[in-house]
Amino acid sequence: MSQSTTTAPPEPGAPAPAKAASPLGNGLKQRHLSMIALGGVIGAGLFVGSGAGIAAAGPSIVLAYAASGLLVMFVMRMLGEMSAANPASGSFSVHAERAVGPWAGFTAGWMFWTLLVVGVAIEAIGAAHILAGWFPGTPSWMWVLVLMVVFTVANLGAVARFGEFEFWFAALKIGAIALFLGLGVLAVLGLLPGTSSPGAGNLLHDGGFLPNGVDGLLVGLLASVVAYGGLETVTIAAAESEDPVKGVAKAVKTTMWRIAIVYVGSMLVIVTLLPWNDPAVTEHGPYAATLDHLGIPAAGQIMNVVILIALLSAMNANIYGSSRMAYSLVARGQGPKALGRVSGGVPRRAVLASAGFGFVTVLLSYWYPDTLFAWLLNMVGGVILIVWGFIAVSQFVLRRRLEREAPQKLVVKMWGFPYLTWVALAGVAGVLVLMALGEDTRTQVVFTGGLTAALAATGYAMQRRAARG
């Protein structure tokens, strides 16, 4: 079935049109959405990347994750409000288009697509490295090829197949985190055999709670923001569920306490049990270092298995999310029409294009690691913050419109509107400023700004041409 419409949406301020029947499938169940929401906050960035944050911020990494987690809660609540009112496979891209204009939807959508396909490459390379280590003599490129084929085929099938993959991936990650937290709490309390309670010694010694001052805390804050990426996929997936409104509302509402337990709880356990400056935290990763400290046999290999699962889950979710975003953009006349064909409820051409670009990105990492691939990494470094900015602006505009025109659609409401919306927008702007001031992150802001400007200019030109035409 072809989706070829190129009709521009109403100008900002006009009533939103009724939701047309979507040719996409609706095979995702509530259990799928709940697990996608929960699994989305447990990624390789948490298991490995958090080590750099701990090394910079020390015990205050707990505050960094709590602050950025609060920002993410606000963003997800705003996104949940809009997605419950108007479920769409393009999620925040559709909301930005309705609130601000087609150029905004084009910019946010293609920026996120770029982030996801580059993410596919990063995850494929990481997973291949682990597998090559388990099977000596096998080349990494072979594992990249195998993984790309497996997850491309998985996404070419009915959406329920994607849901099942993510359900079990998320279940394994949740089980690993639950076991880690359980063992960690017992050790903190001195109830784990062979351990004694460390008390608050590791939190207050070796420089105190803020060993590197506010600067260290800010570095930890930037590291924690990146780790929260992935939650947005649940609002994209909700459009293909049996009951999109109920599904996204429930998934978003229950994401909040999960963030606190998984991220903030994990960081608190780690820095309580281990000295923040223990070299193993960065060399082996904070989770593996903690398990080693507790005397868990083969802790390193256990964490490799968990990290591999997290990487595979992210690959699967990124191919899915990028294909649906591409399909949504094409359906709104903002991309190549050839990608809009749907068969069996799946936009298979969009899946192939998204996975194919991801594979090309993998090749760039081998051929031009210090040039083209480095540019791509820098371009997507701040994309999630730009997307969050579009979400905040869109929610502010659409909430006013919904209150006037369809208050019954406000199934999920942003807390403290409009004040907390402004707080979230200020938080996003603040993090971008901190990135611009940091020597290690300034290049990312410049490259991301360039990508944003280029897409916004292209989208605006297309909008003007459609208005004249």
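**Exercise 1.** Classify the exposure of Lys29 and of its salt-bridge partner Glu242, and locate both residues.

*Solution.* Step 1: Lys29 is partly exposed because its relative accessibility is 37%, where buried means under 20% relative accessible area, exposed over 50% and partly exposed in between (1.4 Å probe, protein chains only). Step 2: Glu242, at 52%, counts as exposed. Step 3: the closest N and O atoms of the pair are 3.4 Å apart; a salt bridge requires a side-chain nitrogen of Lys or Arg within 4 Å of a carboxyl oxygen of Asp or Glu. Step 4: Glu242 lies in the loop between α10 (233-237) and α11 (244-273) and Lys29 in the segment before α1 (30-39), so the bridge ties together parts 213 residues apart in sequence. Helices are DSSP runs (H or I, at least four residues), numbered from the N terminus.

The model is predicted: local features need pLDDT of at least 70, side-chain atom pairs count only at pLDDT 80 or more, and totals for chains, interfaces and linings use all residues. Residues are numbered from 1 along each chain as its sequence is written, and side-chain values use heavy atoms, without hydrogens and water.

**Exercise 2.** Describe the salt bridge between Glu240 and Arg324.

*Solution.* Step 1: the N to O distance is 2.7 Å. Step 2: Glu240 lies in the loop between α10 and α11 and Arg324 in helix α14 (residues 299-331), so parts 84 residues apart in sequence are tied together. Step 3: both Glu240 and Arg324 are buried.

Note on methods: Helices (H or I, at least four residues) and strands (E, at least two) are DSSP runs, numbered from the N terminus.
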